[in-house]
Amino acid sequence: MASLGHDVIGIDVDEKKAAALARGEAPFFEPGLPEFLAAGAHTGRLAFSSDVEHARGSSVHFLAIGTPQGVSGAADLSYLFTAVTELLPVLRPGNLVVGKSTVPVGVAAQIAVLVESTGASLAWNPEFLREGRAIKDTLEPDRMVYGVREGDTAAVAMLDEVYAPLLAGGIPRMITDYATAELVKVAANAFLATKISFINAMAEIAEASGADIDQLADALGQDPRIGRRFLNAGLGFGGGCLPKDIRGFMARADELGVGESLGFLREVEGVNLRRRDRVVELALDELPSRSGRVAVLGLAFKPDSDDVRDSPALDVAARLAAEGLDVVASDPEANEKARASHPQLEYRVDPLDAIVGAELVLVLTEWRQFAALDPRAAGAVARQRTIIDARGCIDADLWRSAGWRVISLGHAVPARVTQLVA
Ligand code: UDX
């Protein structure tokens, strides 16, 4: 927002986080973000505070509060409602509150009643950004959705002013009611999760039949009605959004009495979790004694992120350690976050150091550094040359030619070559 020319004050109840942001330190790894923080500080358009009083005088107030998964699977809205309650005293008639948080359908209407009691109005304006590409997705979104009260042309005009540089670039914008705007976000995530689980279900069939999942995805993706994006088979989806959003969506559909409509999402989640089971099973098949050292390359839920929330990679690493294996992990950005929750694993900065003495190597996040590893260098330090590529990211032929046994998800497991000594 500051880069678009607005004067911005960011408020967070966490004093340390607000202070770090004010010093230009991003609280997580996101390519490009430190540069934007520095530019905002340089122009004087971006400041941070932990005191909501500093929001007084702003005309537009964005709500970007986390809605994590609660115990029942439904979204925990307590942080959001606390923030709204604290914001109410600083609102002035004519102000606009803009909801960005991902919420169960129906919540915006409740917040609107609170906001309108101050003479301000509410718009629901979901974001669709991906971690690792947050800056680009924010400044060049595929579309913008404004959920507003029927006939609230003032809210639409204010949002148009906020986003004027983006709209001038021709980004499509849609005006809807609150419920539709809330649903666009969770429906989009449910669709993306379904697409990933669809190709992972096909990977299960490919493994059993000897078909090649990558060629299958390429051929399917040629059909423009299907499209190749989000058809990468592998260890499945994780992170702070897709898993919790589909669970929250199912919980909300149940509350609305239409749980059956989203029954298929249970299967989407089932396929997703089975991929993790499959990798654990493949690893244990390779090391039936349940002892020995394994190298785990990748801990983040996806590359270009240090986020380990609901990370398939960290889950598999922890399960292998729980089986008795000696797990040595390496991730370019996520080692420290993983260590905080999983001190039982060993961590190395250099992936080759993790491979030293390993009887099995697993690639669980498709960082380009892992795709670029030299299989000969890895082979020289590993105890046994077996690699499980759970993200389809290494050049299998290259690794095979360097003497590695390569097991890839979505492909039949290669037969073990046994040397018989007479
Ligand atoms: C997602 C949505 O893409 C975004 O629009 C929304 O705003 C927030 O949630 P994000 O969680 O950052 O974004 O990650 P995304 O790129 O969607 O990947 C989610 C997971 O799916 C990752 O674990 C990734 O590895 C996995 N994935 C993605 C696949 O397994 N196969 C694919 O083809 C694509």
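## A ligand shell drawn from both domains

The shell around the ligand draws at least three residues from each of domain 1 (2-179) and domain 2 (180-422), in what is a predicted model of the protein with its ligand. In total, 20 residues surround the ligand, and the closest of them are Phe128, Leu129, Glu131, Asn232 and Lys302. Among the secondary-structure elements, helix H8, which spans residues 178-209, gives the most to this shell, with four residues.

Sorted by class, the shell around the ligand holds 10 nonpolar residues, together with four polar and six charged ones.

## Polar contacts and burial of the ligand

The ligand taken alone exposes 670 Å², of which the protein buries 92%.

## The interface between the domains

The protein chain is divided into domain 1, residues 2-179, and domain 2, residues 180-422, and the centres of these two domains, taken over C-alpha atoms, are separated by 33 Å. Across the boundary, 31 residues of domain 1 are in contact with 27 residues of domain 2.

The size of an interface is often given as the accessible area lost when the parts come together. On that basis, domain 1 and domain 2 bury about 2,200 Å² between them, with 54% of this area on carbon and sulfur atoms. Of the area that domain 1 buries against domain 2, Phe29, Val105 and Glu131 supply 31%, which is more than any other three residues.

## Surroundings of histidine 411

Histidine 411 is placed in the segment after strand S13, a strand that covers residues 405-408. The side chain of histidine 411 is joined to that of aspartate 214 by a polar contact of 3.0 Å. When neighbours within four places in sequence are left aside, the residues in contact with histidine 411 are Glu207, Ala211, Asp212, Ile213 and Asp214, so that Asp214 belongs to this contact list by the 4.5 Å heavy-atom criterion as well as being the partner in the polar contact.

Note on methods:
Residues numbered from 1 in each chain as written. Predicted model: local features only at pLDDT ≥ 70, side-chain atom pairs only at ≥ 80, totals over all residues. Heavy atoms only, no water. Near = heavy atom within 4 Å. Areas by Shrake-Rupley, 256 points an atom, 1.4 Å probe, with all protein chains shown as cover. Helix = DSSP H or I, 4+ residues; strand = E, 2+ residues; numbered from the N terminus. Nonpolar A, V, L, I, M, F, W, Y, C, P; charged D, E, K, R; others polar. Domains from an automatic or database assignment. Polar contact = N/O pair within 3.5 Å; in protein donor to acceptor, adjacent residues only side chain to side chain. Buried area = accessible area lost by both parts, 1.4 Å probe.
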